[in-house]
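Here are my comments on the model, point by point. Please read them with the structure open.

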Amino acid sequence: MVAYADSASTISSDGYRFTDHPERIAAVRQGLPVMAALPCDILLTPHSSASAMMERFAGRQPLVDAKACGAYAEAAQERFAARLAQEAAEAGQ
């Protein structure tokens, strides 16, 4: 099963605070588990480095990984949690 998972990055312009927009936090938290649950043996992403696509296509890493979507979503969740923690820390200063 091939899955194309668009960017799971929660990047923004300087000064944007997700914590000021709880509906966006909720949307990210709702979407990532859906992505993680995709049936996905071969993961394609918009940025090849996000899923080691070039390494997999070159045979330096396994092409098929049934846990690829889960790992991709988990990494995105960790980055998002770190972002929210950073925002909270900055608000407390």
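The points below take a helix, a disulfide and the salt bridges in turn.

1. This is a predicted model. Read each point with that in mind.

2. Helix α3 covers residues 68-91, 24 residues in total. From first C-alpha to last, α3 reaches 35 Å. That is close to the 34 Å expected at 1.5 Å a residue.

3. The buried residues of α3 are A68, C69, Y72, A73, A76, F80, R83, L84 and E87. Their cover includes β1 (2-4), α1 (22-36) and β2 (42-44).

4. The structure has one disulfide. C40 and C69 form the bond, with an S to S distance of 2.2 Å. The torsion about the S-S bond is about 105°, so the disulfide is right-handed. The pair links distant parts of the chain, 29 residues apart. C40 lies in the loop between α1 and β2, and C69 in helix α3. Both C40 and C69 are buried.

5. One pairs E87 with R83, the closest N and O atoms being 2.9 Å apart. E87 and R83 are four residues apart in helix α3, so about one helical turn separates them. E87 has a relative accessible area of 2% and is therefore buried. R83, at 18%, also counts as buried, because the cut-off is under 20%.

6. A salt bridge also joins D20 and R17, at 3.4 Å from N to O. Are these two residues buried, exposed or in between? D20 is partly exposed, with a relative accessible area of 49%. R17 is partly exposed as well, at 25%.

Definitions and conventions. Residues are numbered from 1 along each chain as its sequence is written. This is a predicted model: local features need pLDDT of at least 70, side-chain atom pairs count only at pLDDT 80 or more; totals for chains, interfaces and linings use all residues. Side-chain values use heavy atoms; hydrogens and water are left out. Helices (H or I, at least four residues) and strands (E, at least two) are DSSP runs, numbered from the N terminus. The expected span of a helix is 1.5 Å times one less than its number of residues. Buried means under 20% relative accessible area, exposed over 50%, partly exposed in between (1.4 Å probe, protein chains only). Contact means heavy atoms within 4.5 Å. A disulfide is a pair of cysteine sulfur atoms within 2.5 Å. A salt bridge is a side-chain nitrogen of Lys or Arg within 4 Å of a carboxyl oxygen of Asp or Glu.
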